Amino acid sequence: MTSEEPEADRLHPDQPHSARVWNFLLGGKDNYAADRQAGEMILQMFPDIALLARLQRRFLVRAVRHLAADAGIRQFLDIGTGLPTVDNTHEVAQRFAPDSRIVYVDNDPLVLVHAQALLTSTPEGACAYLEADVRDPDRIVEGAARTLDFDRPVALTMLGILGQIPDSDEPEALVARYLDILPPGSHLALADGTDTNETLNQAISVYNANSASSYHLRSPERIAAFFDGLDLVEPGIVPTSRWHPEPVDVGRSPTEVDAICGIGRKA
């Protein structure tokens, strides 16, 4: 796919795309029939997939709030943005620190269209969007440097994106490359699905066989290894339902789910 392709051809509405399927699972309207069909297929096999989507979104809100309000971070690099919804990264960050600067990165042209229209900054801060692949960190950092100062701490958020990277593309080395570029005081906020439930494993396998993209569930130990060398923020690496849940969520969401998350700080 190249940027010279006509936009309609680049959207591939006849093929499910992860960002649009995720949008469907979150109850959004920015998806096509192929995306809804793929989402319904997963829901039939693993009904809790919608819960995992919602819990990941709630983790994003709590993580960005911690980074902006408690850790003093004013720069965010959100890779694997997905389609805009309620409480996007810049909205949460700028709620606590209006001068926050955010760069969103995704490789879906539909996300680009919506991001340009909806992801608008406060006057004190800044928002930018890059259409790029997570597997090209040098290009992403070069583009993000037009908005972010990489001599100052940056929060890198990677929610659900590394599951879209096959082992052949060495996701561990990819994360390490980003962390090498980021200065001390930077943070990594990460969440991904685990291979701890055979029903979910089967549902994702069927999805992969019928989608233009694929998702790769990994063991909790492998996901935890993405944080190697970082100082973990309490409570460490835990299921997404257990990372500082809101009081209203306590007792309403299961404590054990098939996705884990965490935040680590680069010393």
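## Reading one feature at a time

Author: Start with His-244. It counts as partly exposed, because its relative accessibility is 42%. Buried means under 20% relative accessible area, exposed over 50%, and partly exposed in between (1.4 Å probe, protein chains only). The model is predicted, so local features need pLDDT of at least 70 and side-chain atom pairs 80 or more, while totals for chains, interfaces and linings use all residues. Residues are numbered from 1 along each chain as its sequence is written, and side-chain values use heavy atoms, leaving out hydrogens and water.

Reader: Where is the place of His-244?

Author: Look in the loop between strand 7 and strand 8 (259-265). Helices (H or I, at least four residues) and strands (E, at least two) are DSSP runs, numbered from the N terminus.

Reader: What is phi of His-244 near?

Author: First, the general idea. Most residues other than glycine have a negative phi, and most peptide bonds are trans. Phi of His-244 is near 45°, a positive value in a residue other than glycine. Glu-170 also has a positive phi, near 55°. Find Glu-170 in the loop between strand 4 (155-159) and helix 8.

Reader: Which residues does a cis peptide bond join?

Author: Glu-234 and Pro-235, with omega about 10°. Pro-235 sits in the loop between strand 6 (231-232) and strand 7 (238-239).

Reader: Now helices. At what angle do helix 7 and helix 8 pack?

Author: Helix 7 (residues 137-144) and helix 8 (residues 171-181) pack at about 35°, and their axes are 10 Å apart. Axes are lines fitted to C-alpha atoms, for helices over the stretch in contact, and angles run from 0 to 180 degrees between N-to-C directions. The crossing of helix 7 past helix 8 is right-handed. A crossing is right-handed if the near helix is turned clockwise from the far one by less than a right angle, and left-handed if anticlockwise.

Reader: Which residues make the contact of helix 7 and helix 8?

Author: Contact means heavy atoms within 4.5 Å. Helix 7 brings Pro-137, Asp-138, Ile-140 and Val-141, and helix 8 brings Leu-174, Arg-177, Tyr-178 and Ile-181. By class, 6 are nonpolar, none polar and 2 charged. Here Ala, Val, Leu, Ile, Met, Phe, Trp, Tyr, Cys and Pro count as nonpolar, Asp, Glu, Lys and Arg as charged, and the others, Gly among them, as polar.

Reader: Which residues of helix 7 are buried?

Author: An α-helix has 3.6 residues a turn, so residues three or four places apart point the same way. In helix 7, Pro-137, Ile-140, Val-141, Gly-143 and Ala-144 are buried. Seen down the axis of helix 7, these buried residues fall within an arc of 165°, so they line one face of the helix. The arc is that of the directions from the helix axis to the C-beta atoms. Their cover includes strand 1 (75-79), strand 2 (101-106), strand 3 (126-131) and helix 8.

Reader: How do helix 4 and helix 5 cross?

Author: Helix 4 (residues 49-70) and helix 5 (residues 89-96) cross at roughly 35°, and their axes come within 9 Å. Helix 4 passes helix 5 in a right-handed crossing. Val-64 and Ala-68 are among the residues of helix 4 in the contact, and Val-92 and Phe-96 are among those of helix 5. The classes here are 8 nonpolar, 1 polar and 1 charged.

Reader: Is Arg-218 buried or exposed?

Author: Buried, because its relative accessibility is 4%. Arg-218 lies in the loop between helix 9 (198-209) and helix 10 (220-224). Its side chain reaches the backbone oxygen of Ile-165 at 2.4 Å. Beyond its neighbours within four places in sequence, Arg-218 is in contact with residues including Asp-167, Asp-195 and Ile-223.

Reader: What does the side chain of Ser-100 reach?

Author: The backbone oxygen of Ala-97, at 2.8 Å. Ser-100 is in the loop between helix 5 and strand 2. Its relative accessible area is 0%, so Ser-100 is buried.

Reader: One last case. How far apart are the C-alpha atoms of Ala-203 and Ile-49?

Author: They are separated by 9.5 Å, though 154 residues apart along the chain. Ala-203 is in helix 9. At 1% relative accessibility, Ala-203 counts as buried. Leaving aside its neighbours within four places in sequence, Ala-203 is in contact with Ile-42, Met-45 and Phe-46.

Note on methods
Polar contact = N/O pair within 3.5 Å; in protein donor to acceptor, adjacent residues only side chain to side chain.
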